[in-house]
Amino acid sequence: MNSVLTQTAKGILAVYNSFIPREKHAVSDDAALEEIRRFARKRTDISDHLETLYREALSVQPKLLLELGVRTGASGFALSRAAEKSGAWLISLDIEPTLFRSDYEKWRFVQGDDVEFAAAFPEFAEEAGFEPKIDFLFIDTSHTYTHTRSEIDAWVPFLSPAGTMIFHDTNMKLIFRRKDGSLGGGWNNRRGVIRAVQEFLEVRWDENKPYRGNHNGFIVRHIPTCSGLTILRRKR
Ligand SMILES: C[S@@+](CC[C@H](N)C(=O)[O-])C[C@H]1O[C@@H](n2cnc3c(N)ncnc32)[C@H](O)[C@@H]1O
């Protein structure tokens, strides 16, 4: 589901945001990172997190990345560059068709329900020619509690021993704030994703604030801005 704000409310946010300067970065010699930063200049519900996704994916030296929830491919844009740089497979899955395309030869799009696909994943991996061990898992789908619980149950068994799993929308709001102070329109998912993640980790923190901790075998980092991003790195 996209923002539930009216066109008028969205217009007011756009005017407010137009007064907020863009973040400045020192130029990097990583061309892919520069591309991602340019892409993320368009403020969206995930623009704050694209660089983090790219960096986190690279940091696990992945052989296989899986993203659940593609839409028009913002996370796909960042993750396909991380996959290409690492020589890793990237599997992008969505229940709906997507216009996102990558020329990268180890990229595949799967259309289907993500929980159902988990049962077919070992066979899919065997046919494609990779081990069904996920080094980097990104979950950004329905944002509901029950479905997130099912995703965790279905996909954690495939996470590799040094893998990282990231959830978007762990701090969803009708109006959310980005790290530059700009505002965007979302919807209230009644803490669906964060509740499922915190139950899995057996911990509770205030998702409106940054958080770091060690729980249930994971090093956890929570970023509250831009609808929230929660990073779970397996302890090595
Ligand atoms: C917020 S969008 C994903 C955004 C995307 N990661 C990006 O960066 O642009 C959520 C997506 O999850 C998909 N989705 C919802 N339920 C799903 C399910 N059960 N299985 C697979 N995809 C699902 C929707 O079709 C939608 O495209």
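**View 1. Helices α6 and α7 cross each other.** The axes of α6 (residues 145-155) and α7 (residues 192-201) come within 8 Å and cross at roughly 40°. Here an axis is a line fitted to C-alpha atoms, for helices over the stretch in contact, with angles running from 0 to 180 degrees between N-to-C directions. Helices (H or I, at least four residues) and strands (E, at least two) are DSSP runs, numbered from the N terminus. That angle is why α6 and α7 count as oblique: under 35 degrees is roughly parallel, over 145 roughly antiparallel, 65 to 115 roughly perpendicular, and the rest oblique. Y145, T148, R149 and I152 of α6 meet G192, V193, R195, A196 and F200 of α7, contact being C-beta atoms, placed from the backbone, within 7 Å.

A word on the model: it is predicted, so local features need pLDDT of at least 70 and side-chain atom pairs count only at pLDDT 80 or more, while totals for chains, interfaces and linings use all residues. Residues are numbered from 1 along each chain as its sequence is written.

View 2. Among the buried ones are A74, G76, L79, R81 and S86. They pack against α2, α3, β1, β2, β3 and β4.

**View 3. Helices α2 and α3 run past each other.** Their axes come within 9 Å and cross at roughly 155°, so α2 is roughly antiparallel to α3. L33, I36, R37 and F39 of α2 make the contact with L50, E51 and Y54 of α3.

**View 4. R71 sits in a loop.** Look between β1 and α4 to find R71. With 18 other C-beta atoms within 10 Å, R71 is partly exposed. Leaving aside neighbours within four places in sequence, R71 is in contact with D94 and T98. Y16, by contrast, is 55 residues from R71 in sequence and 26 Å away in space, C-alpha to C-alpha.

Notes
Contact = placed C-beta atoms within 7 Å. Buried ≥ 20, exposed ≤ 12 C-beta atoms within 10 Å, placed from the backbone.
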